[in-house]
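Subject: Structure for you to look over

Dear colleague,

I am passing on the structure we talked about, and below it I have set out what was found in it. Please read the notes with the structure open beside them.

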Amino acid sequence: MSATPILMAAAVAVPLVAAPLSLHRAWAGAVALAAGVGTTAAAIGLVLAVARDGAVRHALGGWPAPLGIVWNLDGLAAILLATAALVALPVAVFATASLPREHLGREAHRFWPPFLFLWAGLNALFLSGDVFNIYVALELVSLAAVMLVTLEGRAAALAAGLRYLLVAQAGALTYLLGVAFLYARHGTLDVGLLTAAAAVGDMPTTVAAVLMTGGLFAKAALFPLHAWLPPAHGSAPAPASALLSGLVVMAAAYVILRLWFDVFAAVGGAPLRQGLGALGAAGVIWGSLLALSQRRLKAVIAYSTTAQMGYLLLAIPLAAPAADWSADPWAGAIMLAVAHAFAKAAMFLATGLIIQATGQDRIGSMRGVARRMPVTAYAIGVAGLTLMGLPPSGGFAAKWLLLRAAWSDGQWWWVLVLLGGGLLAAAYVFRIIGPAFSHSKARKRQPPRPLEWIALGMAAASLLMGLAAMPLVAVLARSGGGA
Amino acid sequence: MTSALLYAGAGVVLFAVALLALFLRRHLLRKLMAANIAGSGVFLFLLGTAADGDAPPDPVPQAMVLTGIVVTVSVTAYGVALLRRFADETGRDTLTEDGGGP
Amino acid sequence: MIVLEGLAALLVAVGVAFFIAGTVGLLRFPDLFSRLHALVKADNLGMGFIAAGLALLAEDAGTVLVIVAVWVLALLASVMVSHLVAHAAVREGMQPWRKKR
Amino acid sequence: MMLLIDGAVAVGLVWMALRALNARRLTEAVIVFIGFTGVMALAWVRLRAPDLALAEAAVGAGVLVVVLLDGLGRLAHLLGGRTPLRAAAVVLLPLLSLALVAVLLRALGDLPSAATGLGPRVFAALEQSGVENPVTAVLLNFRGFDTLLEVFVLLGAAVAVALLRPLDRALPRGAGPITAGPPQTPMADWYRRRLLPVALLVAVYLLWAGGSAPGGAFQAGSLLAGVLALGLLTGTPLAGRPAAAWAAAAIGPVAFVLAALLFAVGGHGVLQYPPGWAKAAILGLESLLTVSIAAALTLLVIGIPRRRRP
Amino acid sequence: MIDLVLLVAVAVLLVNAAAGILRALVGPSAADRLLAIQLLATTGIAVLLLLAEATHQPAARLVALVLAILAAAAALAFVRRLWWRLGPGEEGGP
């Protein structure tokens with residue numbers, strides 16, 4: 001038997017085993033970093049395996065679908081596993097140095113159990129090819145995410161965590177009711193088999209599509225169910241915010257894309273798909289406007305997440321039937337999600353450093369940052385390029401693909417959304433970065449240099465992704481629609 | 001109209017009513033109970049549609065519901081603990097809000 | 001056989017009657033203590049009759065054992081509950097009801 | 001007759017849910033909610049799902065009751081009157097809710113009437129699964145990965161509760177006593193001493209029977225946790241080393257995931273039991289999971305300690 | 001025949017329990033609400049025993065056994081964790 005299933009198992013099992021071990025106060029950091037290196041190695045191994053051998057389906061327990069659960073490692077899953085790893089590992093390194101300084105103090109080891117639970121849940125989610133299994137994985141992710149939000153235990157964080165927990169639970173149960181409809185109608189939970197069975201797109205299937213999408217909207221903080229996100233992401237410690245904004249939201253949005261790519265490909269007509277796209281567009285505009293009107297640094301970045309997630313939905317109205325993941329709209333959406341994960345993580349880490357240096361979470365804290373903390377300022381600026389979608393960033397490549405799809409399909413109205421969203425992003429990014437070049441006499445505590453470089457490194461990754469767009473699309477093509 | 005369908009229908013009603021309460025009710029303990037009841041509704045629906053006359057019902061939804069019960073209990077207990085900590089910290093048992101969302 | 005079933009049905013019916021009596025007491029009696037009294041005594045007697053009736057119908061000794069165990073445990077729980085509630089009520093300063101003159 | 005009973009149960013469920021959600025007093029709501037979980041257990045029996053009835057009864061009457069009443073008690077000083085509702089929401093949302101019910105019922109009517117599920121496949125493969133109870137076969141074999149993630153959700157929740165301690169207090173080293181409460185009567189102690197062995201016996205039976213009859217790790221574990229919570233409420237602190245509670249809570253999930261990995265490394269599929277070993281492996285895993293589920297649920301019940309008085 | 005008798009008993013007990021829940025709703029004291037829960041628990045145990053016989057589901061007896069083991073949990077939690085915190089005035093009103 002080949003090594004690929006063992007690597008898949010390792011990607012989930014290593015963080016799961018490490019999570020309870022990291023409860024030990026003295027071991028926590030070392031256990032988590034070792035597990036992080038192991039999990040990252042497994043994820044990279046999986047990307048290489050997919051690039052070499054193509055997609056792999058592995059029946060867990062030796063029971064093929066529909067009886068058992070099937071892990072579905074295609075190009076998309078591999079890319080997302082690698083994204084999770086390449087975001088989480090630097091964040092972990094960052095956290096070991098920054099958390100003891102940032103508010104948690106001697107209790108910094110509390111970060112590791114939720115960190116590892118989260119990573120395991122994400123990997124399980126990306127691998128899963130089973131709609132019920134996705135529900136369980138999502139619950140693990142949400143639980144860990146709430147733990148991260150409430151790490152510091154201040155009143156605002158607890159309130160944000162409670163709201164997040166309730167919204168996530170409502171979303172999960174709505175999703176689960178949709179799964180129940182799918183199972184009652186088609187008698188299977190496997191994504192591949194459902195795709196074949198749901199080709200009719202009748203009433204129960206449509207209701208299931210609406211329920212599952214609605215539930216995931218809440219989890220992905222997509223407009224109009226986004227209100228919980230900014231307080232939640234804004235009140236977590238910087239490394240936690242980086243994971244939440246970069247990876248957790250992306251994971252829920254990924255499930256929406258996966259479902260509409262496969263299972264609901266035949267569901268609803270143009271109106272339903274255009275409606276989903278319109279909600280995405282509204283999210284882009286509304287989220288950007290809210291980001292523009294914030295006073296707190298972290299709030300600007302958190303609202304920007306709502307805006308950026310909106311773009312992903314544009315793939316749904318643009319997709320042609322029977323395309324594969326490397327088709328323009330899908331590849332564009334995925335690339336945007338990945339580039340956003342790196343950029344947003346970089347931004348949260350960088351602002352975390354600035355907030356530590358100045359002791360204040362305000363846009364005014366940015367004053368003088370360009371002179372005193374140039375590396376950090378660069379990190380924010382470079383990550384901002386991706387959010388705006390300027391070349392050569394990953395955001396540019398992604399939007400280019402979406403634009404091309406919209407143009408060639410004659411759906412010009414999405415072009416306006418893409419361009420308008422970019423302009424608004426430019427406005428809120430400049431609002432942050434502008435004051436950085438002004439003079440300030442306020443004293444700042446210099447953060448450790450390596451931490452600044454981690455933030456810049458992640459921002460650079462989001463930038464350089466635009467140059468690596470072609471290889472990415474090539475890996476995405478390794479799907480074969482569940483074959 | 002079979003008994004099983006009756007339970008599936010009750011499940012749907014429970015889900016909708018509880019989801020509504022989850023948004024409308026202010027007290028957090030009530031919201032947590034609402035989430036629980038919504039879960040029970042989904043579970044009833046799952047099993048109500050899986051029943052097959054007097055034969056034993058499909059075991060797959062049963063396993064799904066069992067998993068769902070464990071997850072729901074975990075989340076509820078965590079939610080109550082979170083609420084207690086929140087109340088300790090603030091002296092409040094509701095979230096202040098400007099409208100919208102639970 | 002038919003005699004046995006008839007007897008069982010009778011016992012179950014008597015048990016149900018006790019349950020109804022207990023509920024009437026629960027709804028009509030004037031204070032917590034008397035309501036407690038009505039509920040716990042009547043319901044456990046009712047439970048005993050129903051358990052006895054069902055034990056007559058049981059096919060094997062294991063079933064009888066389970067039924068008896070259930071009844072004993074329910075009885076213990078009731079004793080515990082009524083003791084706790086009454087004890088706490090007295091400590092809370094709750095006064096038993098007296099007929100008004 | 002059956003339809004009458006089922007109708008009564010279904011209507012009762014909806015009515016109790018409405019009371020729990022809308023009752024004026026929170027105490028009333030919580031108590032009716034507890035009753036609601038009991039009636040759910042009846043519904044599961046009527047739907048011929050005794051495994052679920054056992055789970056619902058064990059969780060609903062034990063752990064959930066203690067968690068909710070304890071939570072209510074800690075909020076008692078805040079209990080106010082009815083909180084006002086937002087005017088626009090009061091009109092609009094119920095209408096939406098009604099529409100949702102209508103659509104869902106309509107879709108329910110459109111579902112195929114003949115069972116389309118995986119039941120026949122489960123029964124066909126039951127012989128190779130290592131157990132005779134089809135629900136256990138699905139949980140521990142066919143869809144074992146769901147269960148694997150699920151027990152980690154439970155463990156994660158226990159960890160999450162422990163992490164809620166204020167930052168100036170170290171992570172709990174284990175289960176402490178629940179000390180709050182009025183002085184204890186000797187009778188409660190007597191009761192606990194009688195109850196514990198019976199519960200242990202029944203839990204072992206549920207675990208052992210789970211292979212062939214209704215029951216299993218979760219039912220047994222949650223029954224144990226319920227009785228432990230009951231014992232804590234009688235004022236008896238949990239004995240034993242604190243760290244042991246966490247080790248007990250983690251051992252089942254960790255063993256499960258390590259087994260999954262080891263089978264894969266050993267040349268079988270991930271989570272695939274080696275031929276002939278399924279029965280033994282499932283029984284061993286279930287025993288460990290029972291211990292872990294009981295420990296994790298107990299840690300959830302114990303929750304965060306009371307705030308230190310300033 | 002006997003099965004029908006048992007089912008009628010179940011139906012009567014359910015109606016009886018519904019009447020009992022009224023006590024939970026009326027109160028007046030929180031302890032009265034607790035009594036309704038106790039009624040529900042006892043009724044539930046009896047109904048489960050009856051259903052086990054009438055619908056030939058021996059496992060329902062186990063459910064009754066579990067309920068009987070945990071029957072005192074609600075009262076214990078109530079008395080030990082809640083009541084003494086509520087104080088007499090809190091729930092004593094109409």
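**Loops and backbone**

A:Pro224 sits in the loop that runs between α8 (203-220) and α9 (229-234) of chain A, where helices (H or I, at least four residues) and strands (E, at least two) are DSSP runs numbered from the N terminus. The peptide bond that joins A:Phe223 to A:Pro224 is cis, with omega at about 5 degrees. Another cis bond leads from A:Ala65 to A:Pro66, with omega near 5 degrees, and A:Pro66 belongs to the loop between β1 (56-59) and β2 (70-73) of chain A. In chain D, the loop between α2 (26-46) and α3 (50-74) holds D:Arg48, whose phi is near 60 degrees, a positive value in a residue other than glycine.

Before going further, please keep in mind that this is a predicted model, in which local features need pLDDT of at least 70 and side-chain atom pairs count only at pLDDT 80 or more, while totals for chains, interfaces and linings use all residues. Residues are numbered from 1 along each chain as its sequence is written, chains are lettered from A and ligands numbered from 1 in the order in which they are written, and side-chain values use heavy atoms, with hydrogens and water left out.

**Contacts between chains**

Of the six pairs of chains in contact, chains B and D share the most contacts, contact meaning heavy atoms within 4.5 Å. Chain D contributes 87 residues and chain B contributes 72 residues. The area buried between chain D and chain B is about 6900 Å², with 76% of it from carbon and sulfur atoms; buried area is the accessible area (1.4 Å probe) that two parts lose on being put together, summed over both. One salt bridge is counted between chain D and chain B, a salt bridge being a side-chain nitrogen of Lys or Arg within 4 Å of a carboxyl oxygen of Asp or Glu. The side chains that form it are those of B:Arg84 and D:Asp70, at 3.2 Å from N to O.

Between chain E and chain C, 41 residues of chain E touch 37 residues of chain C, and about 3400 Å² is buried, 80% of it on carbon and sulfur atoms. One salt bridge is found across this interface, and C:Arg35 forms a salt bridge with E:Asp32, the closest N and O atoms being 2.8 Å apart. By contrast, chain A does not touch chain C, their nearest C-alpha atoms being 34 Å apart, and no contact joins chain A and chain E, whose closest C-alpha atoms lie 23 Å apart.

Helix α4 (residues 112-127) of chain A and helix α7 (residues 144-162) of chain D have axes that come within 11 Å and cross at roughly 160 degrees; axes are lines fitted to C-alpha atoms, for helices over the stretch in contact, and angles run from 0 to 180 degrees between N-to-C directions. α4(A) and α7(D) are therefore roughly antiparallel to each other, the word used for angles over 145 degrees. In this contact A:Pro113, A:Phe117 and A:Ala124 of α4(A) meet residues of α7(D), among them D:Phe145, D:Leu149 and D:Phe152. By class, the contact of α4(A) with α7(D) has eight nonpolar, one polar and no charged residues, where Ala, Val, Leu, Ile, Met, Phe, Trp, Tyr, Cys and Pro count as nonpolar, Asp, Glu, Lys and Arg as charged, and the others, Gly among them, as polar.

With best wishes

Methods:
Angles under 35 degrees count as roughly parallel, over 145 as roughly antiparallel, 65 to 115 as roughly perpendicular and the rest as oblique.
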